[in-house]
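Here is a short briefing on a single chain. Have the sequence and the model open while reading.

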Amino acid sequence: MLTRILLLLCLCTSLVRAAGTPSPSPSVSPTDASIKQLLEVAQTHKLVDSVIAQMNSLMLQAIAQATKGQQVSPKIQKDIDRRRDETVSLMKELLDWKKLEPMYVRIYQKSFTQPEVDGMIAFYKTPAGQAVIGKMPAVMQSSIDEMQQLMGPVMEKIQRTQQDVAAELKAEGKTKGGG
């Protein structure tokens, strides 16, 4: 679950790179105002908000997977809901735009020049740029879904290896304790 969230955050920040900009020249740093304009026109705030919604959805899926369709008592369900609410609340606090925006400004100032930021602003104002913004959440979700399918066999192998090692350690412990 954490991997999916980190991937979403990485994809969120890479949205701006979709314009295909070259490496920045350290001589012309973009202004705070231009970066904030870029973040606004690229609707970065909405992408951050979607991470929170995605996190909640992932937790619901994980809970459903953990309970495997079993009937959960009202007391347990209340505890599960409380914990999920606490986690979502923590995510909202961590991903508060007022805290993130200064971080984005610093990162973009280190990464892009003023002409590059100006070019991205111009791009995101075009119909093609708006299409990228509008379709990027679906692209990110599809990427995550396909990556999970690719990683499924690897994750199963890792789990089997963990189980095998645990069984071997347990057997070794019985042998040493019994001998």
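Arg-82 is partly exposed, because its relative accessibility is 40%. This is a predicted model. In it, Arg-82 pairs with Glu-86 in a salt bridge, with 2.8 Å between the closest N and O atoms. Glu-86 is partly exposed too, at a relative accessible area of 45%. Salt bridges with shared partners link Asp-79, Arg-82, Arg-83 and Glu-86 into one network.

**Salt bridges in helix α4**

- The count of salt bridges is five.
- Arg-82 and Glu-86 sit four residues apart in helix α4, so about one helical turn separates them.
- Asp-79 forms a salt bridge with Arg-83, and the closest N and O atoms are 2.9 Å apart.
- Both Asp-79 and Arg-83 belong to helix α4, which covers residues 74-94. Their spacing is four residues, about one turn of the helix.
- Asp-79 has a relative accessibility of 27% and therefore counts as partly exposed.
- Arg-83 has a relative accessibility of 48%, and so it is also partly exposed. The cut-off for exposed is over 50%.
- Asp-81 and Arg-84 join their side chains in a salt bridge, at 3.3 Å from N to O.
- Asp-81 and Arg-84 are three residues apart in helix α4, so they too are separated by about one helical turn.
- Arg-84 counts as buried because its relative accessibility is 16%, and buried means under 20%.
- As a general point, side chains of opposite charge can pair when their charged atoms come close.

**Packing of α3 against α4**

- Helix α3 spans residues 44-67. It packs on α4 at an angle of about 155°, and the two axes are 10 Å apart.
- Helices α3 and α4 are therefore roughly antiparallel, since angles over 145 degrees count as such.
- The α3 and α4 crossing is right-handed.
- Which residues form the contact between α3 and α4? The α3 side supplies Val-51, Ile-52, Met-55, Asn-56, Met-59, Leu-60 and Ile-63. The α4 side supplies Ile-80, Arg-84, Thr-87, Val-88, Met-91 and Lys-92.
- By class, the residues of this α3 and α4 contact are nine nonpolar, two polar and two charged.

**Packing of α3 against α5**

- Helix α5 covers residues 97-111. Helices α3 and α5 pack at an angle of about 125°, with 11 Å between their axes.
- Helices α3 and α5 are therefore oblique to each other.
- The crossing of α3 with α5 is right-handed.
- Thr-44, His-45 and Val-48 of α3 make the contact with Trp-97, Leu-100 and Tyr-104 of α5.
- The residues of the α3 and α5 contact comprise four nonpolar, two polar and no charged.

**His-45**

- His-45 lies in helix α3 and takes part in the contact with α5.
- His-45 counts as partly exposed because its relative accessibility is 34%.
- How far apart in space are His-45 and Lys-98? Their C-alpha atoms are 9.9 Å apart, while 53 residues separate His-45 and Lys-98 in sequence.

- Helix α2 runs over residues 32-41. Its buried residues are Ser-34, Ile-35, Leu-38, Leu-39 and Val-41.
- Gln-43 is placed in the loop between α2 and α3.
- The phi of Gln-43 is near 55°, a positive value in a residue other than glycine.
- Gln-43 is partly exposed, because its relative accessibility is 25%.

**The whole chain**

- The chain holds seven helices and zero strands. From the N terminus, the order of elements is α-α-α-α-α-α-α.
- The chain has 179 residues, and 26% of them are buried.
- Among contacts with a separation of 6 or more, 91% are between residues 24 or more positions apart.

Conventions: Residues numbered from 1 in each chain as written. Predicted model: local features only at pLDDT ≥ 70, side-chain atom pairs only at ≥ 80, totals over all residues. Heavy atoms only, no water. Salt bridge = Lys/Arg side-chain N within 4 Å of Asp/Glu carboxyl O. Helix = DSSP H or I, 4+ residues; strand = E, 2+ residues; numbered from the N terminus. Buried < 20%, exposed > 50% of the residue type's maximum accessible area, 1.4 Å probe, protein only. Axes fitted to C-alpha atoms, helices over the stretch in contact; angles between N-to-C directions. Parallel < 35°, antiparallel > 145°, perpendicular 65-115°, else oblique. Left-handed = near helix turned anticlockwise from the far one by under 90°. Contact = heavy atoms within 4.5 Å. Nonpolar A, V, L, I, M, F, W, Y, C, P; charged D, E, K, R; others polar.
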